[in-house]
Amino acid sequence: MNPKFSFLASLLATLITITLFSLSLGPLPPAGSFFHPGTGFWANAETDRQSGSLVLSMSGINEPVEIFYNDRGVPHIFAGNNYDLYFAQGYVTARDRLFQLELQVRASEGSLSEWFGEDLLEYDLVQRRMGMVYGAEQTLTMLQGDEIEEMLNAYTDGINQYILNLNSGDLPVEYKVLNTRPSEWTHLKTALLLKYMTQMLAGGSHDVQTSNTMAFLGQDFVEKYISSPSRWTDPIIPSETTWDFEPIYTQSPADNFTPEWVSGISPFETDPAVGSNNWVVDGSKTASGNPILAGDPHLGLSIPSIWYEMQLNAPGINVYGVTIPGSPSVIKGFNSDIAWLNTNTGVDVLDWYEIELRDESRDEYLHDGEWRPVHRRVEEIRVRGGKTVTDTLLFTHHGPIVQPDENQPGQSNFAIGHAIRWIGHEPSDEMRAYYLLNRASSVEEASNALAYFSAPSQNFALADRHGTIAMQIGGKLPLRWHGQGRTISNGRNPAYDWQGWLPYEHNPKSVNPGRGFVSSANQYPTNDDYPYYLGDYFAPFERGTRINEKLDGLDDITIEEMRLLQLDNYSYHAELALPHLLSHIDPENLDDKQSEILPLLNQWDYKNLGDEIAPSIFYTWWNQLYSKTWRILEHDEPMRRPQRDRTLQKIIEEPESPFYDDVKNGNYTSQSELITAAYKQSVDELTRTYGEDFNQWKWGFVNETNLNHLGQFPGLGEYNLFTDGGAESPNAIRGSHGPSWRMIVELGKKPKAYGVYPGGQSGNPGSPHYNEFTDTWIRGELYELNLLENRPERENETFPFFLRME
């Protein structure tokens, strides 16, 4: 190379390096600070597991606190009083999960654009207009200056003490990437986190889609295919349960309001993969004579996990389980007397209302023949780079009007002129419920604690060491007439307002049923004789029926059998669907490849195993068939399609249905032709996506399980995990959703407990505790959960790291 050009190239490279190392480019930090050996990302590397002891001087605590970390990084906290206990919980949570704490709250509040820039402004606007901050503020009105406020004060102080002592080198790597520092923790942030959980699990609505479907195909279609469970459904509360209360009846309106077509897409739809299993068997069915509780909430899988494992011990409390970083107490767990684990109920607690504004000033809206005032609330959103966006929310007595007109930015997908009534806007006292639940000594006390639980409504499986088992639906349930809120409601007519709340004693509940067990898998909570309307969007029957049939057929049950049931990969959906589909295939109408793989389906045992090819073929085939079966619902506006099991019932029972015809394109087909066409297209789809090698069609590849980084930072997740499971199997791993925490507890004189979640205790990608649980989780193995009665010896093999606060 010409020396002149070589010198110029070297000079240019030097200038670029100096510039990059000194300037901040967009959301990225100056490269010099990021790569600095003392304070940059290298400082986050932890080559060894922590061991030894550390004494920290803490301002604010009353007595010394001792924390024993086991070899998996799980803290066992021993304190002399409640304040110190929850201070330490906040501190150690921040120590391991600080970035997660703040990220989750920003996602709830709608302030992500302050970190990530204008690309996330629309998301932030959605969160503000949904009323997330307003709802969190309502929750704080429940604080009464008692032990619950003391608990929250302590937890907040503990987080802030860690932040205060944090030097630049110890900042979580994500803060270094974003070139920012953590902000102060507040009570509002904990309330926002709780509302975020409510949004995740009870922020869904199908009012818009159901309204359009009813307008297009009529009420009879909706009643038959959408609002009715399939004939295989086995409800959560056993059908023989009797209701020992006098129902409160409400009157449906006389106006027969029928909403017109609604444009835009409802932004609040629950993920169909979000679900859970739980069950408890009583001592009559176990080998030990003790009740055994098991469960596994199915949520989005991420790293770090939504859960953080720990023990809390102080006078009056000794509890173990998983917590949600950002909220005090144990959320799913056990003490020496009781165990509990909850699944999502899916009760409809979000309704859309058509609002009539008086004029362009938007100062008044019509309700019950009168013009009522619209209340305004101003929100400010800071955007990275210095910009601040101001947004004005319009509130009715129902709730916020999420998009009053077409001209507001960031709302192009909302239904215009509609308000929402949502449980998330109600004052709620979940912190009190968990405070009492952590200390309960019987199922009765646990059930009483759940009277304070508002949202999201949950199916709580409960057991105590005295032998009582129960399934208690916890949550505030709206009192409504049958079908209310299924479609868009008339915001002018007070008959469409929520009529109050069910008394807690009227919530569905089963205690010590004769069959010897209770269970839930997000299916319909009750059968038709329950006197209240709870909604019409619940999980298909398959997981619930499989669990019930397995438990019904088992005796002398052990913890190992409960573990195997958590890992059960059987598909009732495939068992019912596949023989019918295969009977409609004409082998003479297939090419060589289609014929070659058909025997794999004939020989399949309906288990969703990663090494099998048949599950991949079947589910691709089913998805094609499902789409073709309901192509009449393909429309520019959002439509609601029937559930998987109700669709299967239709396919089996209605072979001559006109819905199989492609009327839009003038194609009239028989069910056999439709099924065969779907099969051929599924083979083509798998070939295009995974190639000609059938080994690449294995379900473990097609299922594509990823643990994405919680903040979507590339390279910090775990990808392409090879797993068993399926959405309709008890082991409900489907893509990046699945069992986020598996737990089994046997309650005797001393509890025996086991559990695991994917990921690890630390949120630091440089820590050996970042992802150490994942392989164990994939294999379906469990760790022992050791509820210590007394403080252990310091720095032994089981507890290699000791932290003392004084």
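About 90 Å³ of space lies in the second largest cavity. A cavity here is a set of points on a 1 Å grid over the protein atoms alone, where a 1.4 Å probe fits but cannot get out. Grid points are joined across faces, edges and corners, and the volume is the space filled by probe spheres set on the points. Lining residues have an atom within 4 Å of a point.

This is a predicted model, in which local features need pLDDT of at least 70, side-chain atom pairs count only at pLDDT 80 or more, and totals for chains, interfaces and linings use all residues. Residues are numbered from 1 along each chain as its sequence is written, and side-chain values use heavy atoms, without hydrogens and water.

Stay with the second largest cavity. It is lined by 15 residues, and Ser 228, Pro 229, Tyr 524, Gln 643 and Asp 645 are the closest to its centre. Helix 11 (219-226) and helix 19 (644-653) each give two or more residues to this lining. Helices are DSSP runs of H or I with at least four residues, strands are E runs of at least two, and both are numbered from the N terminus. By class, the lining holds eight nonpolar, four polar and three charged residues. Ala, Val, Leu, Ile, Met, Phe, Trp, Tyr, Cys and Pro count as nonpolar; Asp, Glu, Lys and Arg as charged; the others, Gly among them, as polar.

Now the whole structure. The search finds six cavities of 30 Å³ or more. Of its 20 lining residues, Met 197, Leu 201, Asn 342, Tyr 434 and Pro 456 are the closest to the centre. Two or more residues come from each of helix 9 (187-202), strand 5 (292-300), strand 10 (338-344) and helix 12 (430-439). Helix 9 gives the largest share, four residues. Twelve nonpolar, six polar and two charged residues make up the lining of the largest cavity.

Definitions and conventions:
1 Å grid on protein atoms, 1.4 Å probe; cavity = no way out; pocket = protein on both sides within 12 Å on 5 of 7 lines; lining within 4 Å.
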